[in-house]
Amino acid sequence: MSVGETPITVVGNLTDDPELRFTPAGVAMARFTIASTPRAYDKQTGQWKDGTALFLRATAWREIAEHTAESLTKGMRVVVTGRLVQHNWQTPEGENRSMLGLDVEDIGPSLRFATAKVTKAQRTGNAPARPADQWSTATPPAPNGGWNAAPADGPTEPPF
């Protein structure tokens with residue numbers, strides 16, 4: 001995630017089957033809505049009370065879009081992580097509108113009230129390559145620089 005993005009995790013139920021589409025370039029996109037309703041126990045009545053439901057429109061791309069459409073269906077409880085985004089538009093009457101949405105980073109079934117059998121998907125090879133982890137290199141530090149280098153004219157012991 002980039003600086004300034006709003007990461008969020010939502011637990012809720014799918015309101016319908018994910019809708020899988022493809023862009024003209026052939027990139028998979030799945031859209032679905034997650035309904036999340038908070039519940040609180042009322043000690044006076046001894047019953048659970050539902051709060052106001054949150055309906056959040058979510059979009060998944062590429063392989064995760066295809067996996068979502070193949071694996072999840074209406075009513076399933078899911079755990080979704082992603083970035084909160086705001087969509088702005090103008091109506092034909094000239095009124096400005098906005099809506100919050102979720103760009104999905106990861107999704108899976110909630111195992112709180114269900115079980116799942118996971119099958120590892122075969123990689124298609126068209127996913128963008130992930131950058132190499134710059135912190136796990138086996139390259140030794142430069143002889144006269146880097147974090148581990150001692151100052152050329154100073155002590156070799158740490159200052160603490």
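# Strands, core and side-chain pairs

Reader: Which strands do the buried residues of H1 pack against?

Author: The buried residues in question, in helix H1 (residues 62-71), are Glu63, Ala65 and Thr68. Helices (H or I, at least four residues) and strands (E, at least two) are DSSP runs numbered from the N terminus, and buried stands for under 20% relative accessible area, exposed for over 50% and partly exposed for values in between (1.4 Å probe, protein chains only). Packing rests on contact, that is, heavy atoms within 4.5 Å. The buried residues of H1 pack against strand S2 (19-22), S3, S6 and S8.

Reader: What pLDDT must side-chain atom pairs have in order to count?

Author: Residues are numbered from 1 along each chain as its sequence is written, and side-chain values use heavy atoms, with hydrogens and water left out. The model is predicted, and totals for chains, interfaces and linings use all residues, whereas local features need pLDDT of at least 70 and side-chain atom pairs count only at pLDDT 80 or more.

Reader: Which residues touch Leu102, leaving aside neighbours within four places in sequence?

Author: Leu102 is listed with the members of the largest core that touch the most others. With those sequence neighbours set aside, Leu102 is in contact with Ile8, Val10, Ile34, Leu56, Arg57, Ala58, Thr59, Val80, Gly82, Arg83, Leu84 and Val85.

Reader: Is Thr33 buried or exposed?

Author: Thr33 lies in strand S3 (residues 28-36). Beyond four places in sequence, Thr33 touches Asn13, Leu14, Thr15, Phe55, Leu56 and Arg57. The side chains of Thr33 and Arg57 are joined by a polar contact of 3.1 Å (N or O atoms within 3.5 Å; within protein, one able to donate a hydrogen and the other to accept it, with residues adjacent in sequence counted only if both atoms are side-chain atoms). The relative accessibility of Thr33 is 17%, so Thr33 counts as buried.

Reader: How many salt bridges does the structure hold?

Author: Another salt bridge joins Lys49 and Asp42, with the closest N and O atoms 3.5 Å apart; Lys49 is partly exposed at 43% relative accessible area. By the rule given above, the count comes to 6.

Reader: What is the angle between the planes of Tyr41 and Trp48?

Author: Rings of Phe, Tyr and Trp (its six-membered ring) pair if their centres lie within 6.5 Å; planes under 30 degrees apart count as stacked, over 60 as edge-to-face and the rest as tilted. The structure holds 1 aromatic pair. Tyr41 is partly exposed, with a relative accessible area of 46%, and Trp48 is exposed at 52%. Their pair is edge-to-face, with 5.4 Å centre to centre and an angle between the planes of 65°.

Definitions and conventions. Salt bridge = Lys/Arg side-chain N within 4 Å of Asp/Glu carboxyl O. Core = buried A, V, L, I, M, F, W, Y, C linked by side-chain atoms within 4.5 Å.
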